Amino acid sequence: MSETIKAVKGMNDILPPESATWDWLEGCVRSLMTRHGYVGVRTPIVEPTALFVRGLGEVTDIVEKEMYSFEDSMNGDRLTLRPENTAGVVRAVTEHSLLRDGGKRLYYIGPMFRHERPQKGRYRQFHQVGAEALGYAGPDVDAELILMCRMLWRELGLVDGRDVRLELNSLGQPEERRAHRDALIAHFEAHAEVLDDDAKRRLHSNPLRILDTKNPAMQAVVESAPQLMSFLGAESLAHFDAVRASLDAVGQPYRVNPRLVRGMDYYNLTVFEWVTERLGSQGTVCGGGRYDTLIEQLGGKPAPAVGWGLGIERLLLLLQEAGVAAPVVRPNAYAVVTSPASVPVALRTIDTLRASGVSVLMHAAGRDGLGSMKSQFKRADASGADYALIFGDDEVARGEVSVKPLRNADEPQQAYLLADAIDWAMRLRNA
Ligand code: ATP
Ligand code: MG
């Protein structure tokens with residue numbers, strides 16, 4: 001035997017039964033998006049490298065060390081597997097002038113790629129749900145996007161305050177950040193002796209990112225750093241207050257975290273994260289904010305925008321920690337077929353039942369044929385189906401099928417006419 005080939009490190013197969021949980025979660029997300037007026041968008045997984053360098057900022061973790069970038073061997077183009085999808089959505093919206101007739105509310109579900117050290121809740125291929133509202137400037141949409149997450153948590157069975165918590169901040173406008181940045185550099189320069197190499201390197205290129213450090217030795221100097229909030233002007237403060245007022249009005253608790261900065265350079269005004277204590281250092285389940293300058297920065301006609309991205313793997317881990325299980329999907333019926341000669345007749349009936357909305361798991365032959373009645377009933381039981389449809393030789397000869405209840409001992413076994421399947425199909429569904 002030749003050596004087996006394994007998946008790439010940090011990139012996971014999503015297999016049954018977990019894959020059914022993914023299907024359930026994605027169904028919940030799609031329903032949520034539809035109810036909020038967000039429409040799906042699908043952009044390529046591979047984008048020009050320049051999109052992310054220009055979009056996310058050169059001095060960000062993602063662009064500096066996490067991107068899967070490569071040269072197209074056919075034509076030398078510099079390409080990257082998308083590490084996130086806001087930049088891709090903005091590119092697509094700009095390329096196709098989607099905002100010419102007003103704002104757009106969009107969402108996506110799909111894989112992202114980052115070259116990180118794989119661990120629980122952190123992978124090299126992972127999946128995000130993202131929601132982006134483009135062309136809207138007001139704090140109303142910020143609040144809508146945050147509340148959309150809250151509704152998702154609720155519908156999945158997570159509890160605010162126990163499983164998730166909202167953190168909020170305002171990053172103000174570029175000129176306010178510049179003033180803050182100058183003050184930050186002065187502060188860190190005054191404490192140069194405690195800065196680590198990473199911080200020293202970023203002191204002049206991106207001092208804000210120093211606030212995000214996980215180095216315990218730097219916590220004190222970060223703690224005492226000047227806060228951006230005190231550099232915000234009246235307009236920025238009014239926007240922030242309006243978001244807060246909406247959250248207060250619907251009773252959504254939050255913590256204002258002045259150190260919340262997010263990993264991409266494109267954010268301004270509102271930023272937020274939904275965090276959990278249940279996943280150790282992979283504690284951010286969902287993060288987002290406003291990015292009013294990104295569209296212009298990527299060459300589009302200036303337009304405001306706001307959005308969030310949610311890590312599906314982390315959300316699923318959190319659900320597990322919180323004891324939430326996806327609803328079990330069981331077939332309505334399992335078709336037991338005793339002889340190969342009955343297969344065409346059985347299949348015709350099963351086809352009619354399925355078209356009528358009944359889920360039917362058909363017993364399928366193995367190398368040794370269909371197998372005994374007994375072994376088929378074992379499978380029927382294990383499938384969790386409510387009924388066994390018995391296509392026995394005698395039944396089929398009479399133009400009938402026997403329907404045997406598998407879960408309800410009080411319900412009698414009954415014979416139905418194959419030709420009338422459309423009429424009795426509903427009874428199998430309503431079990
Ligand atoms: P972290 O600080 O944990 O690295 P991040 O700030 O890099 O997160 P974002 O770029 O904001 O994350 O992405 C949004 C969400 O995607 C995160 O909150 C997280 O749930 C998820 N996510 C990010 N990177 C990974 C990864 N490597 N593996 C799994 N999920 C991830
Ligand atoms: Mg990261």
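1. Let's start with V336, which sits in strand 12 (residues 333–337) of this predicted model. Its relative accessibility is 0%, so V336 counts as buried; the cut-off for that label is under 20%.

2. What does V336 touch, once its neighbours within four places in sequence are left aside? The contacts are M373, Q376, L389, I390 and F391.

3. On the nonpolar cores, the largest one has 76 residues, and W153, W308 and L315 make the most contacts inside it. Helix 5, covering residues 139–156, is the top contributor to this core with nine residues. There is also a second, separate core of 21 residues, with V358, L370, Y387 and V396 among them. As background, nonpolar side chains in soluble globular proteins tend to be buried together.

4. Now the overall dimensions. The chain has a radius of gyration of 28 Å, while a compact globule of 431 residues would have one near 22 Å. Along the principal axes, the C-alpha atoms fill a box of roughly 90 × 60 × 45 Å.

5. For the fold as a whole, the chain holds 15 helices and 16 strands. Of contacts with a separation of 6 or more, 70% come from residues 24 or more positions apart. Buried residues make up 49% of the 431 in the chain.

Key: Residues are numbered from 1 along each chain as its sequence is written. Chains are lettered from A and ligands numbered from 1 in the order in which they are written. This is a predicted model: local features need pLDDT of at least 70, side-chain atom pairs count only at pLDDT 80 or more; totals for chains, interfaces and linings use all residues. Side-chain values use heavy atoms; hydrogens and water are left out. A nonpolar core is a set of buried Ala, Val, Leu, Ile, Met, Phe, Trp, Tyr and Cys residues joined through side-chain atoms within 4.5 Å. Buried means under 20% relative accessible area, exposed over 50%, partly exposed in between (1.4 Å probe, protein chains only). Helices (H or I, at least four residues) and strands (E, at least two) are DSSP runs, numbered from the N terminus. Contact means heavy atoms within 4.5 Å. The radius of gyration is taken over C-alpha atoms; the globule rule is 2.2 Å times the number of residues to the power 0.38.
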